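This report considers model confidence, the surroundings of the ligand, and the nonpolar core.

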Amino acid sequence: MHPQDPQPTGAERTPDLDHTPAQPDVDAHLRFTEPPHTHPAPQDRYGNPLPHQDHDDDAHARAHAAGVPHTHAPVATPRRSPSAPLRIGIGGPVGSGKTALVAALCRALGPEGAGLDMAVVTNDIYTTEDGDFLVRHGVLPAERITAVQTGACPHTAIRDDIAMNLDAVEELEDSFHPDVVLVESGGDNLTATFSYGLVDAQIFVVDVAGGDKVPRKGGPGVITSDLLVINKTDLAPLVGADLGVMDRDASALRGERPVAFTSLREDPGATPVAAWVRQLLAQRRELAAASAG
Ligand SMILES: Nc1nc2c(ncn2[C@@H]2O[C@H](COP(=O)(O)OP(=O)(O)OP(=O)(O)O)[C@@H](O)[C@H]2O)c(=O)[nH]1
Ligand SMILES: [Mg+2]
């Protein structure tokens, strides 16, 4: 949190995400009722750093005005032209809630929500299960959802040989010119990450049912993703997971990169994650305007 931010007090107090390791706090998830956001390190279209835009940055200033907890991590930086559709990869272990998060984001950000133009690519090994699920639940028109069958380890298709996914994304972009394309990886392990040749930013989803040790085990997904989502907080009491421990361990490994706690059962619009995406989009648009001007 920036030193000039109003200091929260009492029950609404949010820990300093920038500099102070969080203390164990069983109510940690409550502090993410406001969205986390990141402060991108702006680059021009060739990847050269632009001067740091501090608190005169409009999107950032609005986040300050809303009292949003935030970090100044150099993450979620546009690697491609900031005027191109924002591509967000969603990875994480099997069953952690990736498809549920995609559905939530389509509800919150799509035509029924914030009115953004959306498209989705799902990945399964031999089926089209997740794409079918999203179509069945009507989160977007069917033609905006492409199910890729990877036929191999999910991480291969999002990191090593991204051709199938890239084709699917580009086809959707050519057809619909969406604001945001979500790419859901097949369920994998803690090492799975997306190539930044495929997506602009990546969310890694773990859930509390695997135990509160999961963030501590680290791995590239937990450590380097642009946003770590710890989902199914509603199950924490049932499995004896301490959300404070998860928050402390994740913060220790991730430094300034943000963490959001969600229960998609209780918050079907994934409020903090949707806000993070909107923040990212606003920052990209400002960068696009700055580089056009
Ligand atoms: N209790 C609870 N269940 C959830 C939550 N989010 C997702 N689920 C359930 O968890 C199960 C798995 O969710 P998915 O969204 O399919 O998980 P996934 O990560 O896409 O799974 P794969 O694509 O197979 O790796 C489903 O039955 C969801 O309804 C949550 O926040 N709380
Ligand atoms: Mg899925």
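The structure is a predicted model, and the mean pLDDT of its protein chain is 81. A pLDDT of at least 70 is reached by 73% of the residues.

Where pLDDT is low, predicted coordinates should not be read in detail.

Ligand 1 is surrounded by 17 residues, of which Gly97, Lys98, Thr99, Ala100 and Gly187 are the closest. By class, this shell comprises 8 polar, 5 charged and 4 nonpolar residues. Helix H2, spanning residues 98–109, supplies the largest share of the shell, namely 3 residues.

The largest nonpolar core contains 65 residues, and the greatest numbers of contacts inside it belong to Leu101, Leu105, Val120, Val273 and Val277. H2 also provides the largest share of this core, with 9 residues. In soluble globular proteins, nonpolar side chains tend to be buried together.

Helix H10 covers residues 271–292 and has 22 residues. From its first C-alpha to its last, H10 reaches 31 Å, close to the 32 Å expected at 1.5 Å a residue. Buried positions in H10 include Val273, Trp276, Val277, Leu280 and Leu281, and also Gln279, Gln283 and Arg284. Beyond four places in sequence, Val273 touches Leu101 and Leu105, together with Ile203, Leu227, Val229, Ala260 and Thr262.

Technical notes:
Residues are numbered from 1 along each chain as its sequence is written. Chains are lettered from A and ligands numbered from 1 in the order in which they are written. This is a predicted model: local features need pLDDT of at least 70, side-chain atom pairs count only at pLDDT 80 or more; totals for chains, interfaces and linings use all residues. A residue is near a molecule or strand if its C-beta atom, placed from the backbone, lies within 6 Å of it. Helices (H or I, at least four residues) and strands (E, at least two) are DSSP runs, numbered from the N terminus. Ala, Val, Leu, Ile, Met, Phe, Trp, Tyr, Cys and Pro count as nonpolar, Asp, Glu, Lys and Arg as charged, and the others, Gly among them, as polar. pLDDT is the predictor's confidence in each residue, from 0 to 100. A nonpolar core is a set of buried Ala, Val, Leu, Ile, Met, Phe, Trp, Tyr and Cys residues joined through C-beta atoms within 7 Å. A residue is buried if 20 or more other C-beta atoms lie within 10 Å of its own, exposed if 12 or fewer, and partly exposed in between; C-beta atoms are placed from the backbone. Two residues are in contact if their C-beta atoms, placed from the backbone, lie within 7 Å. The expected span of a helix is 1.5 Å times one less than its number of residues.
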